[in-house]
Amino acid sequence: MECDNTKSVFSWDFDEMKLKKAFFIILIILLAAPINIILMAAGTSDIERVRDKTVLDERDKQVIDAFLADAIGKFLTTQDFTSIAKLRVVILNNQKSNQPNQNQYANQFSESAHKYISEGFKQAQILRPPERQTRVIMNFLILIDNFHDLKLLDLAIQKLQDEEMAIRYWAVHAVTNIN
């Protein structure tokens with residue numbers, strides 16, 4: 001009978017270890033989420049400062065350019081769709097200046113977006129597997145669609161003849177959704 005007690009004690013220890021491991025994993029996830037939010041906020045602090053300006057200088061234009069280079073570059077390295085969707089939201093939330101009639105900001109943002117999305121399309125062509133390539137290009141087109149910017153129209157038009165139906169769909173949507 002002592003063996004039965006020993007078995008149950010070992011069994012309980014094993015279950016307790018599983019429980020501790022699960023608790024530890026959940027704790028890490030909960031601690032990592034705020035860090036991710038803090039890092040994303042830190043990554044937008046410079047662009048937020050520039051959005052508040054009424055007149056931009058060359059350094060401000062470089063901040064806009066660097067913000068878009070970084071954010072659009074992450075499209076190529078980010079694996080999951082949810083993170084890419086969040087990244088699109090961050091980009092679009094910073095598309096306009098906080099100052100009324102601040103055309104300098106809008107023009108620089110549009111020029112930088114065109115430059116880096118165009119480069120992103122080129123870099124996406126070498127991604128593997130092909131499904132990842134399609135996902136990245138499709139997400140660039142969704143971004144263009146949500147920009148509502150005539151200056152980005154040529155990028156979507158280039159994808160109207162793509163062999164992938166999903167890419168063609170978002171290219172048509174982007175071209176027809178420009179306001």
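Q: What is the hand of the crossing where α2 passes α4?
A: The crossing of α2 with α4 is right-handed. A crossing is right-handed if the near helix is turned clockwise from the far one by less than a right angle, and left-handed if anticlockwise. Helices here are DSSP runs (H or I, at least four residues), numbered from the N terminus.

Q: Which residues of α2 and α4 make the contact?
A: Among them are Ile64, Phe67, Leu68 and Ile72 of α2, and Tyr105, Phe109, Tyr116 and Ile117 of α4. Contact means heavy atoms within 4.5 Å. By class, the residues of this contact divide into twelve nonpolar, five polar and three charged. Ala, Val, Leu, Ile, Met, Phe, Trp, Tyr, Cys and Pro count as nonpolar, Asp, Glu, Lys and Arg as charged, and the others, Gly among them, as polar.

Q: How far apart are the axes of α5 and α7?
A: The axes of α5 and helix α7 (residues 165-176) are 8 Å apart, at an angle of about 10°. That makes α5 roughly parallel to α7.

Q: What does α5 meet in α7?
A: Residues of α5 including Ile137, Met138 and Leu141 meet residues of α7 including Ile167, Trp170 and Ala174. The contact of α5 with α7 has ten nonpolar, two polar and one charged residues.

Q: And what about α3 and α5?
A: Helix α3 (residues 81-93) and helix α5 (residues 130-147) pack at about 30°, with axes 11 Å apart. The crossing of α3 and α5 is right-handed. Phe81, Ile84, Arg88, Ile91 and Leu92 in α3 meet Asn139, Ile142, Leu143, Asn146 and Phe147 in α5.

Q: How many aromatic pairs are there?
A: Six in the whole structure, counting rings of Phe, Tyr and Trp (its six-membered ring) with centres within 6.5 Å. One of them is Phe109 with Phe147, tilted at 55° between the planes and 6.1 Å centre to centre. Planes under 30 degrees apart count as stacked, over 60 as edge-to-face and the rest as tilted. Phe109 is in helix α4 (residues 103-124) and Phe147 in helix α5, 38 residues apart.

Q: Where is the cis peptide bond?
A: Between Arg128 and Pro129, with omega about 0°. Pro129 lies in the loop between α4 and α5.

Q: What is the phi of Asn101?
A: Positive, about 60°, although Asn101 is not a glycine. Asn101 is in the loop between α3 and α4.

Q: Which element has the lowest mean pLDDT?
A: Helix α1 (residues 2-51), at 58, while helix α6 (residues 153-157) has the highest, 97. pLDDT is the predictor's confidence in each residue, from 0 to 100. Over residues 32-42 the pLDDT is below 50. Where pLDDT is low, the predicted coordinates should not be read in detail.

Key: Residues are numbered from 1 along each chain as its sequence is written. This is a predicted model: local features need pLDDT of at least 70, side-chain atom pairs count only at pLDDT 80 or more; totals for chains, interfaces and linings use all residues. Side-chain values use heavy atoms; hydrogens and water are left out. Helices (H or I, at least four residues) and strands (E, at least two) are DSSP runs, numbered from the N terminus. Axes are lines fitted to C-alpha atoms, for helices over the stretch in contact, and angles run from 0 to 180 degrees between N-to-C directions. Angles under 35 degrees count as roughly parallel, over 145 as roughly antiparallel, 65 to 115 as roughly perpendicular and the rest as oblique.
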